[in-house]
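Work through the exercises below with the sequence and the model open. Each task is followed by a solution in steps.

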Amino acid sequence: MKNHQPIPTPQDQAAANRALKRQLPGRLLTDKDSRFRASLDNLRLSVMPNAVIRVQNPDDVGTVLRLATRYRIPLTSRGAGSSATGSAVPIRGGWVLDLTALNQIKIDRVARMATVGAGVVTADLQAQVEAQGLFYPPDPSSKKYATIGGNIACNAGGMRCVKYGVTRDYVLGLKGFFADGNPFTLGLPLKKYASGLNLRDLLIGSEGTLGVITSADLKLIPKPEKRWTGMFAFKSEAAALKAVVALFQAGLNPSILEFLDRQSVACAEQYTGKPVFAGQPRSAILLIELDGRPAEVRQQRKGLHTIMEGRAVAQREARTEAQAEKLWQVRRTCSQSMFSLADTKLNEDVVVPIEKQAELIRYTLVLKKEIGLATPTFGHAGDGNLHVHIMYNRASQADAEKAKVGIHKLMKKVVELGGVITGEHGIGLAKAPFMSLQHSPAEIAAMCAVKKALDPLGILNPGKIFEVFEVWDHELIDLRLPWDHR
Ligand SMILES: Cc1cc2nc3c(=O)[nH]c(=O)nc-3n(C[C@H](O)[C@H](O)[C@H](O)COP(=O)(O)OP(=O)(O)OC[C@H]3O[C@@H](n4cnc5c(N)ncnc54)[C@H](O)[C@@H]3O)c2cc1C
């Protein structure tokens with residue numbers, strides 16, 4: 001894809017900025033602060049765009065794209081900038097399209113659908129639909145910040161995917177614009193749709209490389225009446241992950257099934273100064289939520305206890321929302337407490353078949369020994385989607401080198417186990433070097449052909465997914481982002 005990377009001349013960029021100011025007065029921001037905020041995402045690699053455009057309505061997007069096409073300006077769409085992979089970094093400069101002002105929500109209770117602007121924050125949508133007795137399940141941990149547009153562009157997951165599926169499973173229709181500024185309506189707010197090639201699903205997860213989404217029609221479901229939360233401790237990771245397999249074999253259907261390895265739990269315990277389970281320090285843990293009608297939850301809970309008997313060494317149940325929140329605190333603490341191990345975290349959202357998770361955990365321990373860096377792992381065990389972390393100190397060249405070796409070995413192992421290098425964060429910049437581990441040359445060529453067909457000038461989010469990029473060769477910025485709690 002290298003021959004399709006636009007690099008506008010300074011004259012073209014200046015002319016494009018002037019034209020944009022004329023056609024959309026008040027939208028173009030060129031001050032340093034606005035450009036810096038739009039220069040990075042959670043990967044913390046900063047590349048300054050030439051300007052940020054704050055669109056006010058969907059039609060603005062068409063106007064911007066027509067100008068970007070005319071002047072060959074690289075254009076990176078942006079929601080909250082919470083991407084973990086650098087997918088929102090304007091690596092070729094140009095314009096960043098800030099879509100956060102497209103934040104309208106329209107709920108249809110009868111059809112059980114919502115039409116939402118791309119800039120709507122996921123948690124805001126969830127709150128509004130839940131107030132009407134409905135439910136939008138996709139729940140990335142970044143939901144208080146991340147936007148629906150960003151969720152769709154990355155096909156975001158979260159904890160509830162084990163029962164309810166990922167963002168893709170809730171998208172009925174997409175409105176937006178192709179690279180040349182022509183509008184699209186891909187799918188409609190209808191329960192069935194079988195017309196033409198399914199370009200809607202092609203755009204989902206395409207990380208802003210195929211088009212700009214301005215709004216989406218989303219499927220809603222009835223809000224579960226009851227929730228139950230329990231936490232179980234195990235002597236080893238293998239015991240916990242065997243319980244996961246047993247639970248599915250028994251036909252149980254948890255709404256959340258989270259796993260924490262002993263390295264992660266030890267970090268949380270050190271951080272809070274007390275064991276998660278008194279008398280059972282450094283256990284591996286499963287956090288489980290059941291939901292549905294009260295009778296169904298009761299029956300599932302009974303089945304769960306039968307399975308856990310003789311497997312778990314300790315357990316705790318939440319009887320109130322407040323108690324459930326306390327249990328979830330363990331999971332939240334894990335993430336931030338890892339920084340006691342080192343100042344930098346590689347968070348690899350890999351997926352392996354459910355029954356291979358124990359093998360993957362064994363491998364993280366082998367890796368820990370081999371590279372001499374901690375590898376605390378937690379994640380969505382119900383989906384086989386474990387977040388393997390490699391902790392290293394950024395200032396140490398030797399540590400960074402070990403982390404680099406570690407991540408390459410990890411990705412290779414994941415693919416060998418029949419897994420995938422990313423389950424929810426996408427490729428962006430950080431995972432681009434591993435595309436050829438996952439996909440054959442023919443598959444990558446087919447993807448590039450699709451990209452070329454929809455974006456012949458290569459102006460949409462250039463430099464992502466298909467170009468090998470070594471994050472290691474670039475300095476990452478140490479700054480506090482809105483979702484940082486440390
Ligand atoms: C603390 C934390 C926890 C996280 N937890 C999870 C998790 O549990 N599950 C999960 O899946 N992810 C998670 N993420 C990753 C991230 O939040 C998600 O990928 C999220 O979907 C990104 O949304 P955003 O609005 O921030 O998008 P951005 O970061 O702004 O953009 C992400 C990508 O989408 C493109 N894009 C954005 N809007 C549009 C649009 N309207 N049209 C076309 N392309 C667009 C961008 O160009 C970019 O390629 C987490 C991140 C953080 C920081």
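Two residues are in contact if their C-beta atoms, placed from the backbone, lie within 7 Å. The model is predicted: local features need pLDDT of at least 70, side-chain atom pairs count only at pLDDT 80 or more, and totals for chains, interfaces and linings use all residues. Residues are numbered from 1 along each chain as its sequence is written.

**Exercise 1.** Describe the side of domain 1 that touches domain 2.

Solution.
- Step 1. Take the bounds, which come from an automatic or database domain assignment. They are 2-100 + 448-473 for domain 1, 105-222 for domain 2 and 224-337 for domain 3.
- Step 2. Between the C-alpha centres of domain 1 and domain 2 there are 22 Å.
- Step 3. In the contact, 26 residues of domain 1 meet 26 residues of domain 2.
- Step 4. Assign elements, using DSSP runs numbered from the N terminus (helices: H or I, at least four residues; strands: E, at least two). On the domain 1 side, α3 (58-71), β3 (75-78) and α15 (441-454) each give two or more residues. The largest share, six residues, is that of α3.
- Step 5. Sort by class: Ala, Val, Leu, Ile, Met, Phe, Trp, Tyr, Cys and Pro are nonpolar, Asp, Glu, Lys and Arg charged, and the others, Gly among them, polar. This side of domain 1 has 12 nonpolar, 10 polar and four charged residues.

**Exercise 2.** Locate the ligand and describe the shell around the ligand.

Solution.
- Step 1. Count a residue as near if its C-beta atom, placed from the backbone, lies within 6 Å of the molecule. There are 36 residues around the ligand, and Gly79, Gly149, Gly150, Ala153 and Gly208 come nearest.
- Step 2. Elements that give two or more residues are β3, α5 (148-154) and β10 (212-219). With five residues, α5 gives the most.
- Step 3. The shell divides into 13 nonpolar, 19 polar and four charged residues.
- Step 4. Because domain 1 and domain 2 both give residues to this shell, the ligand lies between them.

**Exercise 3.** Which residues have the most contacts inside the largest nonpolar core?

Solution.
- Step 1. A nonpolar core joins buried Ala, Val, Leu, Ile, Met, Phe, Trp, Tyr and Cys residues through C-beta atoms within 7 Å; buried means 20 or more other C-beta atoms within 10 Å of the residue's own, placed from the backbone.
- Step 2. The largest core has 115 residues, and those with the most contacts inside it are Val64, Ala68, Trp95, Leu97, Leu218, Ile285 and Leu286.
- Step 3. Leaving out residues up to four places away in sequence, Val64 touches Leu20, Ile53, Val55, Trp95 and Leu97.
- Step 4. Another core, of 14 residues, lies apart and includes Ile91, Ala430, Ala432 and Val471.

Note on methods
A residue is buried if 20 or more other C-beta atoms lie within 10 Å of its own, exposed if 12 or fewer, and partly exposed in between; C-beta atoms are placed from the backbone.
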